[in-house]
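Take a look at the protein below before you read on.

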Amino acid sequence: MSIKQLKPLGVLGGMGPLATQVFYGMVIENTDAGCDQDHVNMIIVNHAAMPDRTGALLSGDTGRLYSELLEDCIFLEESGACAIAVPCNTSHYFADKLQGEVGVPIINMIRETVKSISASRGRGARAGILATDGTVNLGLYQAEMEKEGIVPVVLSPENQKRTMKIIYDGIKAGGEVDFADFEEIEKELLAKGCDCAVMGCTELSCFMKIYGVSQGFYIDAMKVLATKAITAAGGRLRQSCGK
């Protein structure tokens, strides 16, 4: 029996394009479906020309970025979306402001990810943050973690540079990732007593898939978004689907 779905899910993607492709795959893989009609209808905007989020936020020149995000959200709402998923962590700096401008819910990936950590690890858990300089420097995950009683753990400057190298020189540029960089990051997370670590950049979600990094210790924020998006659009989650 097909799902009862009146409206499609809106996806504001393209940040980056590979992350949007992986997100689409996650929605398909984690939907309990026995036929085409059981899957979630989607409208995907692949806005690859969107200004770089970290660059805009760290420079303070956010006018064009915000206006284009808002334009896309309005387009998705006017196209009949029941909810909007944005597979880009750094752009969630604007999530609440954007929500005030549109009438359909924007699924907050950062907020939902931190809630999942609180539910699975409990208050007082120490959670490492692997994300862009923009997401880290603006404290997007730190603020949500503190609300939930989670202890945020940021990387040293050296390992933050390694994280950015994986994101930009590796995944975004379509280059090879030096896995030794990731191993150095992991050593620091374990040395700091982390109970888990958030893959808080959608390129890191791609990295997990490409290089076979298992979930468990690592919390994939984009997978959390995918599962929330499925239910928001009236779909059913696979029983084996974890966060």
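This is a predicted model: local features need pLDDT of at least 70, side-chain atom pairs count only at pLDDT 80 or more; totals for chains, interfaces and linings use all residues.

**Helix α8**

- Helix α8 covers residues 157-172, and at 1.5 Å a residue its 16 residues should span 22 Å. The C-alpha atoms at its ends are 21 Å apart, which agrees.
- The buried residues of α8 are Asn159, Gln160, Thr163, Met164, Ile166, Ile167, Gly170 and Ile171.
- A helix makes a turn every 3.6 residues, so residues three or four places apart point the same way.
- After α8 comes glycine 174, which has a positive phi, near 70°.

**Glutamate 144**

- You'll find glutamate 144 in helix α7, which is residues 140-147.
- Is glutamate 144 buried or exposed? Its relative accessibility is 10%, and buried means under 20%, so glutamate 144 counts as buried.
- Setting aside neighbours within four places in sequence, glutamate 144 touches Ile110, Arg111 and Val114.
- Arginine 111 is 33 residues away from glutamate 144 in sequence, yet their C-alpha atoms are 6.2 Å apart in space.

**The largest pocket**

- The largest pocket has a volume of about 150 Å³.
- Its lining is made of Met26, Glu29, Asn30, Ser205, Met208, Lys209, Val213, Gln215, Asp220 and Lys223. Two elements give two or more residues each: α1 (17-29) and α10 (202-211).
- α10 has the largest share of that lining, with 3 residues.
- By type, the pocket lining splits into 3 nonpolar, 3 polar and 4 charged residues.

**The cavities**

- How many cavities of 30 Å³ or more turn up in the whole structure? The search finds 2.
- The largest cavity has a volume of about 70 Å³. It is lined by 13 residues, and the closest to its centre are Arg53, Cys88, Thr90, Thr132 and Glu203.
- α2 (53-59), α8 and α10 each supply at least two residues of the largest cavity's lining, which divides into 4 nonpolar, 5 polar and 4 charged.
- The second largest cavity holds about 60 Å³ of space. Residues lining it include Leu12, Leu69, Cys73 and Val86, and α3 (63-78) and α4 (95-99) are the elements giving two or more residues.
- The lining of the second largest cavity has 7 nonpolar residues, 2 polar ones and no charged ones.

Note on methods
Residues are numbered from 1 along each chain as its sequence is written. Side-chain values use heavy atoms; hydrogens and water are left out. On a 1 Å grid over the protein atoms alone, a cavity is a set of points where a 1.4 Å probe fits but cannot get out, and a pocket is an open set with protein on both sides within 12 Å along at least five of seven lines; lining residues have an atom within 4 Å of a point. Grid points are joined across faces, edges and corners, and a volume is the space filled by probe spheres set on the points. Helices (H or I, at least four residues) and strands (E, at least two) are DSSP runs, numbered from the N terminus. Ala, Val, Leu, Ile, Met, Phe, Trp, Tyr, Cys and Pro count as nonpolar, Asp, Glu, Lys and Arg as charged, and the others, Gly among them, as polar. The expected span of a helix is 1.5 Å times one less than its number of residues. Buried means under 20% relative accessible area, exposed over 50%, partly exposed in between (1.4 Å probe, protein chains only). Contact means heavy atoms within 4.5 Å.
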